[in-house]
Amino acid sequence: MDDKQKRARTEALFRDVNERIAESAERFDAESTQFVCECADPGCAHRLEATLDEYEEVRADGATFMLAPGHEHTDIERVVARRSRFNVVEKVQTTVRDIVRRLNPRTA
């Protein structure tokens, strides 16, 4: 497995963690919560405050992720939205885009 595939799998794993966080927040009728940064660094410990509506906007496309500002990798993704607390990136590298879409829990 090459480096880009590893990064894609790491980001998909963080997305899965955030799916569970969102489910828990919904159960407690929270309007916002702290999500984990969905960047490619497996040791990243950044937390991102977001409303559940903002989170759903990111999840509308299986190739978009929420990252702490500066955590982007321009060889595989581009920033499509800058929020005050996080950036939204879209995977543009073909292999990475295919992997994250295939691992999207909302289409499984």
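**View 1. Asp29, an exposed loop residue with a positive phi**. In this predicted model, Asp29 has a relative accessibility of 68% and therefore counts as exposed, the cut-off being over 50%. The residue is found in the loop that runs between helix 1 (3–27) and strand 1 (32–36). For comparison, most residues other than glycine have a negative phi.

**View 2. The stacked aromatic pair of Phe35 and Tyr55**. A search of the whole structure finds one aromatic pair, and this pair is formed by Phe35 and Tyr55, whose rings are stacked at 4.4 Å centre to centre with 5° between the planes. Because Phe35 lies in strand 1 and Tyr55 in helix 2, the pair ties together parts that are 20 residues apart in sequence. Phe35 has a relative accessibility of 0% and so counts as buried, and Tyr55, also at 0%, counts as buried as well.

**View 3. The packing of helix 1 on helix 2**. Two packed helices are described by the angle between their axes and the distance between the axes. Here helix 1 and helix 2 pack at an angle of about 145°, their axes being 11 Å apart, and the crossing is left-handed. From helix 1, the residues Arg15, Asn18, Glu19, Ala22, Ala25 and Glu26 take part in the contact, and they meet Leu52, Tyr55, Glu56 and Arg59 of helix 2. Sorted by class, the contact of helix 1 with helix 2 comprises five charged, four nonpolar and one polar residue. Tyr55, listed here among the contact residues of helix 2, is also the partner of Phe35 in the aromatic pair.

View 4. Strand 3 pairs with strand 5 (residues 87–91) in the antiparallel sense over four bridges, and Val88 in strand 5 is the bridge partner of Met66.

Note on methods. Residues are numbered from 1 along each chain as its sequence is written. This is a predicted model: local features need pLDDT of at least 70, side-chain atom pairs count only at pLDDT 80 or more; totals for chains, interfaces and linings use all residues. Side-chain values use heavy atoms; hydrogens and water are left out. Two strands pair if DSSP finds at least two bridges between them. Helices (H or I, at least four residues) and strands (E, at least two) are DSSP runs, numbered from the N terminus. Buried means under 20% relative accessible area, exposed over 50%, partly exposed in between (1.4 Å probe, protein chains only). Axes are lines fitted to C-alpha atoms, for helices over the stretch in contact, and angles run from 0 to 180 degrees between N-to-C directions. A crossing is left-handed if the near helix is turned anticlockwise from the far one by less than a right angle, and right-handed if clockwise. Contact means heavy atoms within 4.5 Å. Ala, Val, Leu, Ile, Met, Phe, Trp, Tyr, Cys and Pro count as nonpolar, Asp, Glu, Lys and Arg as charged, and the others, Gly among them, as polar. Rings of Phe, Tyr and Trp (its six-membered ring) pair if their centres lie within 6.5 Å; planes under 30 degrees apart count as stacked, over 60 as edge-to-face and the rest as tilted.
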